[in-house]
Amino acid sequence: MSSESPRAVRGVKDILPDVSPLWRYVEGVAADIFDLYNFQEIRLPVFEKTEIFRRSIGETSDIVEKEMYTFTDRGGESLTLRPEGTASAVRAYIEHKLYNPPGVTRLFYVGPMFRAERPQAGRFRQFHQIGAEVFGGDDPSLDAELILMLLDFFTALKVPGLKVALNSLGCPVCRPGYREKLLAFLKEREERLCEACRSRIDRNPLRALDCKVPSCKETVADAPTIDGSLCAGCLDHFEKVRRPLRDLEAPVVVDPRLVRGLDYYTRTAFEVTAEGLGAQNAVAGGGGMTRWWRSSAARRRRPSALPSAWNGWSVSSTRRRRS
Ligand SMILES: [Zn+2]
Ligand SMILES: [Zn+2]
């Protein structure tokens, strides 16, 4: 036994009694808002089979490429500490047939998530997330409802200067065309992109729009944006997401460069920012998702019983330590 005093794993922190009342308060406000919007709580396991995340989050996302806490258990099975909540919520929804009886199912979850971050970069390896998922329809009003609920949550917490960046990422009909256009643009300028962007350029060129490396930001500044490539169905859907938000004068700005880091978003994507939280001021994000769903074995087995889409968002405690 070491004679040193015991310490928590680096990048993992205790929530001490001086701040735990604040955490309870925030979670209580969230629970009240979820009640108001008719969301029910689901308590998800903190680890899953690795393939659950690999398939749903997408092979080319940063999470799957380098941030998952994956280990082999004594039985030789590959398991992963959950890096986010959506994949588990979807897995539970299918496994427990929550689509019966048919209709809209609104779920929320609260709890710790894990990423194998480099602690020397000041990142937390355990952080906390509040998430919401709506299953059972791709009605655009559900996207608007999620955004309004998120704004209500932050407003109840008196977070100042809220703004929502909103975009449509297209669908399987129109995104491939946009992807080709963007890919051609990026290929011509490939030598100016960072190594990460170059390595995934063929698999997921959209991620370059999201890259924080200055030379990449500069390179994509005049890249084609998706708004010019959306099909009629996506344009109509996007307009119907925006209309109720406009009517309620929500602080929404369309940002055709918003792509989000995960592969599974379809159509609506959004990010909420708040003033005064520094450069990394995104406080929450989400959108519509269909991709994994469509390819999942469950859907192939019961194609008519399952809705084709779901929507969600999550709010994270800061993943970066203040030093
Ligand atoms: Zn489309
Ligand atoms: Zn890059």
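Out of 323 residues in the protein chain, 36% count as buried. Keep in mind that this is a predicted model. On the secondary-structure side, you get 11 helices and 11 strands. As for how the chain folds back on itself, take the contacts between residues at least 6 apart in sequence: 72% of them join residues at least 24 apart.

**Helix α5**

Helix α5 covers residues 140-156. At 1.5 Å a residue, its 17 residues should span 24 Å, and the end C-alpha atoms sit 25 Å apart, so the two agree. Which residues of α5 are buried? The list runs P140, L142, D143, A144, E145, L146, I147, M149, L150, L151 and F153. Just after α5 comes K158, with a positive phi of about 60°.

**A three-stranded sheet**

Now for the strands. Three of them make an open sheet, ordered β2-β4-β3, with antiparallel pairing. β2 and β3 stand at the edges with a single partner strand each, so one side of each has no neighbour in the sheet. From one strand to the next, the twist averages 30°.

Here are the residue ranges of the strands:

| Strand | Residues |
|---|---|
| β2 | 47-49 |
| β3 | 69-72 |
| β4 | 78-81 |

How many bridges hold the pairing of β3 and β4? There are four, in the antiparallel sense. One bridge to look up in the structure involves T72, whose partner in β4 is S78.

Key: Residues numbered from 1 in each chain as written. Chains lettered and ligands numbered in written order. Predicted model: local features only at pLDDT ≥ 70, side-chain atom pairs only at ≥ 80, totals over all residues. Helix = DSSP H or I, 4+ residues; strand = E, 2+ residues; numbered from the N terminus. Buried ≥ 20, exposed ≤ 12 C-beta atoms within 10 Å, placed from the backbone. Contact = placed C-beta atoms within 7 Å. Expected span 1.5 Å × (residues − 1). Pairing = 2+ DSSP bridges. Axes fitted to C-alpha atoms, helices over the stretch in contact; angles between N-to-C directions.
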